[in-house]
Amino acid sequence: MTEPIHASANLSVEAFDPGASSLTGAVDPAVMAELLSIRSSIDNFDATLVYLLAERFKATQRVGVLKAKHQLPAGDPNRELAQIQRLRALAESAHLDPAFAEKFLNFIISEVIHHHQAISESHSAVAATGVVPVVSVDGQSFVAAPAEPTKISQPKSDGGTQSQ
Ligand SMILES: C=C(O[C@@H]1C=C(C(=O)O)C=C[C@H]1O)C(=O)O
């Protein structure tokens, strides 16, 4: 495959077909069986990556709220440089291409900085308009007001409210 595949919709996790392949029928069955066996490990790694990334973004969202509250800049270049140098060294010792590790971290950091800018903008909008936006951290909703982030009630599916 030379071009990335773009899926047009999310399927449920249960609908995932671990045997999906463009090679079906075109490869020796024993080779196919070995391929599928290795792929089942790849699928486990990919699932773990998603969970790890989700946890990382939860942490960086909290940093974003803290920065907005104290009017700190979204990016921190010295921190990023230190992270990249560390990750490159880790990659080297793990026999992973350091250039790839750097590209991957920069990709994530640039997304985080966009999130922080968005949090900061909605935070400033409170001061300008008095309309209080809500930010989501750890799956919980917080009022992004200039004061301490305050947990708020969320509507329950039965129409009532629950305090988080
Ligand atoms: C999360 C932060 O904000 C930004 C994003 C970073 C990251 O994703 O690790 C690191 C530095 C900042 O540019 C932070 O300052 O810690």
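Mentor: A residue is called buried if 20 or more other C-beta atoms lie within 10 Å of its own, exposed if 12 or fewer do, and partly exposed in between, with C-beta atoms placed from the backbone. By this count, buried residues make up 5% of the 164 residues in the protein chain. The structure is a predicted model, in which local features need pLDDT of at least 70 and side-chain atom pairs count only at pLDDT 80 or more, while totals for chains, interfaces and linings use all residues. Residues are numbered from 1 along each chain as its sequence is written.

Trainee: How many helices and strands are there in the protein chain?

Mentor: Helices (H or I, at least four residues) and strands (E, at least two) are DSSP runs, numbered from the N terminus. The protein chain holds three helices and five strands. Read from the N terminus on, their order is α-α-α-β-β-β-β-β.

Trainee: What does UniProt place at residues 29–120?

Mentor: UniProt positions are given here in the numbering of this model, feature names are shortened, and annotations may be inferred rather than shown by experiment. An unreviewed UniProt entry places the feature "domain: Chorismate mutase" at these residues, 29–120. In the model, that span is 88% helix and 0% strand, and its end C-alpha atoms lie 55 Å apart.

Trainee: How is the length of a helix judged, and what span does H1 reach?

Mentor: The expected span is 1.5 Å times one less than the number of residues. H1 has 41 residues and reaches 59 Å from its first C-alpha to its last, close to the expected 60 Å. For H2, with 17 residues, the reach is 24 Å, close to the 24 Å expected.

Trainee: Of the 41 residues of H1, what number is buried?

Mentor: The number is two, so H1 lies largely in the open. For H2, none of the 17 residues is buried, so that helix also lies largely in the open.

Trainee: Which value does phi of Gln71 take?

Mentor: Most residues other than glycine have a negative phi. Gln71, in the loop between H1 and H2, has a phi near 50°, a positive value in a residue other than glycine. This residue comes just after H1, and Gln71 is exposed because 10 other C-beta atoms lie within 10 Å. A second case is His95, in the loop between H2 and H3.

Trainee: Which residues is Ala91 in contact with, leaving aside its neighbours within four places in sequence?

Mentor: Two residues are in contact if their C-beta atoms, placed from the backbone, lie within 7 Å. Ala91, in helix H2, is in contact with Leu96, Asp97, Pro98 and Ala101, once neighbours within four places in sequence are set aside. Ala91 counts as partly exposed because it has 18 C-beta neighbours inside 10 Å.

Trainee: What distance separates the C-alpha atoms of Ala91 and Glu102?

Mentor: Eleven residues apart along the chain, their C-alpha atoms are separated by 9.0 Å. Glu102 is placed in helix H3 and, with 16 C-beta neighbours inside 10 Å, counts as partly exposed. Outside the four places on either side in sequence, Glu102 is in contact with Ile84, Leu87 and Arg88. By contrast, the C-alpha atoms of Glu102 and Glu14 are 88 residues apart along the chain and separated by 33 Å.

Trainee: What share of the contacts in the protein chain with a separation of 6 or more do residues 24 or more positions apart account for?

Mentor: Such pairs account for 34% of those contacts.

Trainee: Which residues surround the ligand?

Mentor: A residue belongs to the shell if its C-beta atom, placed from the backbone, lies within 6 Å of the molecule. Here the ligand is surrounded by Thr60, Val63, Gly75, Asp76, Arg79, Glu80, Gln83, Ile108, Ile109, Val112, Ile113 and His116.

Trainee: Which helix gives the most to this shell?

Mentor: Helices H1 (29–69), H2 (77–93) and H3 (98–129) each supply at least two residues, and H3 gives the most, with five. For residue classes, Ala, Val, Leu, Ile, Met, Phe, Trp, Tyr, Cys and Pro count as nonpolar, Asp, Glu, Lys and Arg as charged, and the others, Gly among them, as polar. The shell divides into five nonpolar, four polar and three charged residues.
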